[in-house]
Number of protein chains: 2
Amino acid sequence: MKVALLGYGTVGSGVVEVINSNSDSIEKRAGKPIEIKYVLDLRDFPNDPVNELIVHDINVILEDDEVEIVAEAMGGINPAYKFAKSCLENGKSYVTSNKELVALHGAELLEIARKNNVNFLFEASVGGGIPIIRPLNQSITADEIYEITGILNGTTNYILSKMKDEGRSFDDVLKEAQDLGYAEKNPAADVEGYDACRKIAILASLAFGEHVNFEDIPTEGITKITKEDMIYAEKMNCVIKLLGTCQKQDENVFARVSPMLISKTHPLAMVNDVFNAILVKGNMVGDLMFYGKGAGKLPTASAVVADIVDAAKHSGTNIMTIWNREKVELKARGDVRVGYFVRVAKVDEGIKSRIEEIFGEVREVEAINNEYAFITRVMKEKHFEQKLEALREIEVLSKIRVQE
Amino acid sequence: MKVALLGYGTVGSGVVEVINSNSDSIEKRAGKPIEIKYVLDLRDFPNDPVNELIVHDINVILEDDEVEIVAEAMGGINPAYKFAKSCLENGKSYVTSNKELVALHGAELLEIARKNNVNFLFEASVGGGIPIIRPLNQSITADEIYEITGILNGTTNYILSKMKDEGRSFDDVLKEAQDLGYAEKNPAADVEGYDACRKIAILASLAFGEHVNFEDIPTEGITKITKEDMIYAEKMNCVIKLLGTCQKQDENVFARVSPMLISKTHPLAMVNDVFNAILVKGNMVGDLMFYGKGAGKLPTASAVVADIVDAAKHSGTNIMTIWNREKVELKARGDVRVGYFVRVAKVDEGIKSRIEEIFGEVREVEAINNEYAFITRVMKEKHFEQKLEALREIEVLSKIRVQE
C-alpha cells in the first residue's frame with residue numbers, strides 16, 4: 001500500500017519514524033506492507049534518507065494511481081483544503097492531523113470521501129495519540145452522547161499544572177514553556193483557547209452528528225488566571241483546568257471553552273502536565289474517559305499511522321462517519337446556566353450584605369489579601385453579568401466558572 | 001437486522017433496554033434497524049413483554065436464517081461454548097460479555113468466525129462499558145504494546161476504596177457489599193482475583209497477538225489486605241489497588257494479578273469505587289488510559305449492543321482480530337522482578353540490622369503498633385521468597401508488591 005505524506009515537519013517526520021520503527025506489526029495490522037512513496041515539502045532534506053522521496057508538486061501525487069492514501073501533517077487551511085479535496089476526488093483516502101481543516105471542512109470532506117468510496121480520517125486532530133475519534137464513531141454506538149468535556153490542549157494544561165504546583169504566575173510559566181519549546185512564540189492559539197475550540201467543535205459534531213461551527217463557540221483562554229486564583233482553588237479542594245465542553249439538554253446544544261474550577265475528585269482533575277483527557281457521557285454507559293498524550297511528535301504520528309492502517313484495511317469501502325453538513329444552532333451564550341467563583345476587593349465590612357442583596361444567597365470562600373470571595377448559585381450567564389454590572393462600585397478581581 | 005439474545009438475566013435484560021431506549025440512534029449507526037427476534041432462556045417471563053420472544057431451544061435460533069447475530073449474556077463455559085461454535089458455524093455472528101468463554105476459547109472462536117466470514121466480538125467481556133477491545137484491535141495499530149495494567153474488577157475496587165476511605169476491615173466491607181448486592185454471596189471470583197485474571201488474559205492475548213492462558217497467570221486476591229496496610233499506604237502517599245498486568249520485555253512476557261501499592265500520582269490511583277480503568281503503554285504513543293464503569297447492567301449492555309451494531313455494519317465481512325492459537329510461554333513467576341513492601345512484628349531493636357543483613361539496603365517506612373516496615377529493592381520473586389524464608393524467626397504481618 002503506497003502512501004504519500006504531505007509535510008515533513010514535526011508530525012510528518014514522526015510518521016516516517018513510526019512506520020519505520022514498527023513496520024512488522026503495522027504490516028500485520030494493515031494486512032499488507034505500508035510504504036511511503038512520496039513526501040511533499042517545500043524544502044529539501046539533503047542529509048535525511050527521506051530526501052529521495054521528496055517532491056515539491058502535489059500533482060505528482062495526484063496523478064500517481066499507485067498512491068491510495070495521502071497523509072497530511074501540514075496544518076492550516078491553505079493549501080490543505082485544496083489538497084484534501086483533490087485527493088479524495090482522485091480516489092485517494094486522506095488522513096490528517098489538521099484540526100483547523102477538520103473543524104472547518106470536516107462535514108464536506110466526509111461527504112466527498114463517501115461519494116468517492118474512499119475515507120477521510122482524522123484521529124490525530126483531537127487529543128494527539130488518544131484514540132477518541134474512532135471510539136466515538138465505532139465503539140460508543142449504542143448510546144446517545146449528551147456531554148463531552150475535555151482537557152484538549154497540552155500547552156495550557158502544562159502551564160496551569162506548573163502554576164498550581166510551583167505557585168508561579170502565568171507570564172512566568174509561559175515564558176519558561178516558550179524557552180523549552182512547549183509553547184509557541186506566538187502562544188495565542190493555545191493560551192486563548194482557539195486550539196481547544198476547534199477540537200471541541202470536532203468532538204461535538206461527531207457526538208451530535210451535525211456540524212458545530214467552531215466560530216459559534218464562546219471561547220476564553222487562561223491568560224487571566226492568577227497565582228491567587230490557584231491559592232483559592234486549593235482552599236476549595238479544586239483545581240483550575242481549561243475545559244472544552246459540549247452538552248445536549250433536551251434538544252438544546254451548547255458548547256464552550258473556558259477555565260473551570262473542578263473538584264479534585266473529578267476524573268479530569270488528575271490530568272496533569274501535557275496530558276489530555278476526554279470525558280464522554282452516554283445515556284446508557286455513563287461516564288467514560290480517554291487519557292493520554294495530547295501532543296508531541298510520536299504520539300500524534302501514532303494516531304496518523306493508525307488512520308493509515310485503517311484506510312489500508314478499508315481500501316474500497318467507506319467507513320461510515322455521521323457528521324452531516326446541517327448546522328447545529330447552539331444555545332445563546334447568555335442562556336447557558338452556570339455557577340461562578342468571584343473574587344472582589346473588599347471595600348468594607350458591609351460587602352457581604354451588598355453582594356447578597358444582588359446575588360441572593362452565595363457560598364462564601366475563605367479569602368486572602370483583604371478580598372471577599374464567593375461562589376454564586378447556578379444561573380444564566382446573562383443574569384450573572386447583569387448582577388455583576390449592578391455591583392460596579394466593587395472591583396472584580398477574578399471570576400471563574402465552577403463545574404457542578 | 002434480526003438478533004437473538006441468549007440469556008435474560010441482568011445484562012440480557014439490559015441489552016433489551018438499551019435497544020429499546022436508543023433505537024433511533026442505533027439504527028442510524030448500524031445503517032439498518034436492529035430487532036430482537038428471540039430471547040433464549042430456561043425461564044418464562046409472563047409479566048414482561050419480552051415473553052413473546054422467549055424460546056427454550058437453541059435450535060430454533062440456529063435454524064432461522066433470518067437471525068444474523070446472536071448476543072450472549074449467560075456467562076460460563078457450558079453451554080455457551082457449544083452455542084458459540086454452532087452459531088458461528090451456521091454463519092451467524094456471535095457477540096458476548098462472557099469473559100470465561102473468551103479467555104478460554106477466544107482464539108479458537110475467532111478462527112471459526114474467520115473461516116465462516118462472520119464475527120466473534122467481545123467488547124463487554126473486559127471493562128464493562130469501557131471501549132477497550134475495539135481500540136486495541138483498531139485504534140492502537142501503529143504501536144507495539146509493551147504493557148497493559150488495569151483495575152479490572154469493580155467489586156474489589158469498591159471494597160478497597162471503602163477500606164481506605166472509612167478505615168474499615170476487609171470482612172466488614174465485604175459483608176456490606178454483599179448486603180447491597182455489589183458482591184456475590186460466594187465472592188471468590190472477585191476477591192480472589194479470578195475475574196481480573198480472565199480479563200488480563202484476554203487483554204494480553206490481544207496485545208501480543210497470541211494466546212495467553214489464564215491458568216498460567218499467577219493470581220492473588222485482596223483477602224489478606226488489612227486496615228493497617230491502608231494506614232501504611234496513606235503514610236507512603238500511595239493507594240492499594242488490585243491490578244492485572246501483562247508486560248513484554250525483550251521477548252519475555254509476564255502477567256500477574258495481585259494487590260499493588262501505587263503512588264497517588266499514578267493515573268490508576270484516582271480510579272475509585274466500581275470504576276475500572278485500563279492503562280495501555282505503546283512504544284510510540286506512550287501511556288493511554290481508558291476509564292469507565294466496569295460492570296453494571298446498562299454499561300455492560302451498552303458494550304454488547306455496540307458489538308451488535310459493529311456486527312450489523314460488517315455483515316458479510318470478517319473484522320480482523322489478531323489473536324492466534326499459538327500459546328505464549330509466560331516468564332516463570334519466580335523470575336519476575338519486583339519490589340515489596342513488608343511489615344513484620346518488631347521483636348527487638350536489632351531487627352533493622354537483621355533485615356539489612358538478609359535484604360541488603362531497604363527503605364524503612366515509619367511504623368505503627370510496634371512493627372517494623374520496609375520496602376525492598378527490586379529483585380526476582382524467588383529471591384524475595386528465599387530471603388523472607390531466611391527471616392523465618394520473624395513474623396511477617398503483610399507483604400504487598402510495589403509499583404515502581
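This talk walks through the strands, the helix packing and the chain contact of a predicted model.

Some ground rules. Residues count from 1 along each chain as its sequence is written, and chains are lettered from A, with ligands numbered from 1, in the order in which they are written. Because the model is predicted, local features need pLDDT of at least 70, side-chain atom pairs count only at pLDDT 80 or more, and totals for chains, interfaces and linings use all residues.

Helices and strands here are DSSP runs, numbered from the N terminus: H or I over at least four residues for helices, E over at least two for strands. Two strands pair if DSSP finds at least two bridges between them.

Start with the open sheet in chain A. Six strands, in the order 3-2-1-4-5-6, with parallel pairing. Strand 3 (54–55) and strand 6 (120–121) of chain A are the edges, each pairing on one side only. Look at strand 1 (residues 2–6) and strand 4 (residues 67–72) of chain A: they run parallel, joined by five bridges. A:Leu6 sits opposite A:Glu72 of strand 4.

Next, strand 7 of chain A, residues 145–151. Strand 7 pairs with strand 11 (residues 275–282) of chain A in the antiparallel sense, over six bridges. A:Ile145 stands opposite A:Gly282 there. Strand 7 of chain A also runs antiparallel to strand 9 (residues 238–249) of chain A, with four bridges. A:Thr149 has A:Thr245 of strand 9 as its bridge partner.

Now helix packing. Axes are lines fitted to C-alpha atoms, for helices over the stretch in contact; angles run from 0 to 180 degrees between N-to-C directions. In chain A, the axes of helix 7 (residues 154–166) and helix 8 (residues 170–179) come within 9 Å and cross at roughly 125°. The two helices of chain A are therefore oblique to each other. For reference, under 35 degrees is roughly parallel, over 145 roughly antiparallel, 65 to 115 roughly perpendicular, and the rest oblique. Contact means C-beta atoms, placed from the backbone, within 7 Å. The tally is seven nonpolar, one polar and one charged. Nonpolar covers Ala, Val, Leu, Ile, Met, Phe, Trp, Tyr, Cys and Pro; charged is Asp, Glu, Lys and Arg; the others, Gly among them, are polar.

Over to chain B. Helix 5 (residues 99–115) and helix 10 (residues 194–208) of chain B have axes within 8 Å, crossing at roughly 35°. That crossing of helix 5 and helix 10 of chain B is left-handed. B:Ala103 of helix 5 and B:Ile202 of helix 10 are among the contact residues. Five are nonpolar, two polar and four charged.

Last, the two chains together. How many residues does each chain give to the contact? Chain A gives 44 and chain B gives 44. On the chain A side, helix 12 (297–313) is one of the elements supplying at least two residues. Helix 12 of chain A gives the most, nine residues. That side of chain A divides into 23 nonpolar, 12 polar and nine charged. Strand pairing crosses between the chains too: strand 12 of chain A and strand 12 (residues 286–293) of chain B pair antiparallel over five bridges. A:Tyr291 has B:Met289 as its bridge partner.

Terms used. Contact = placed C-beta atoms within 7 Å. Left-handed = near helix turned anticlockwise from the far one by under 90°.
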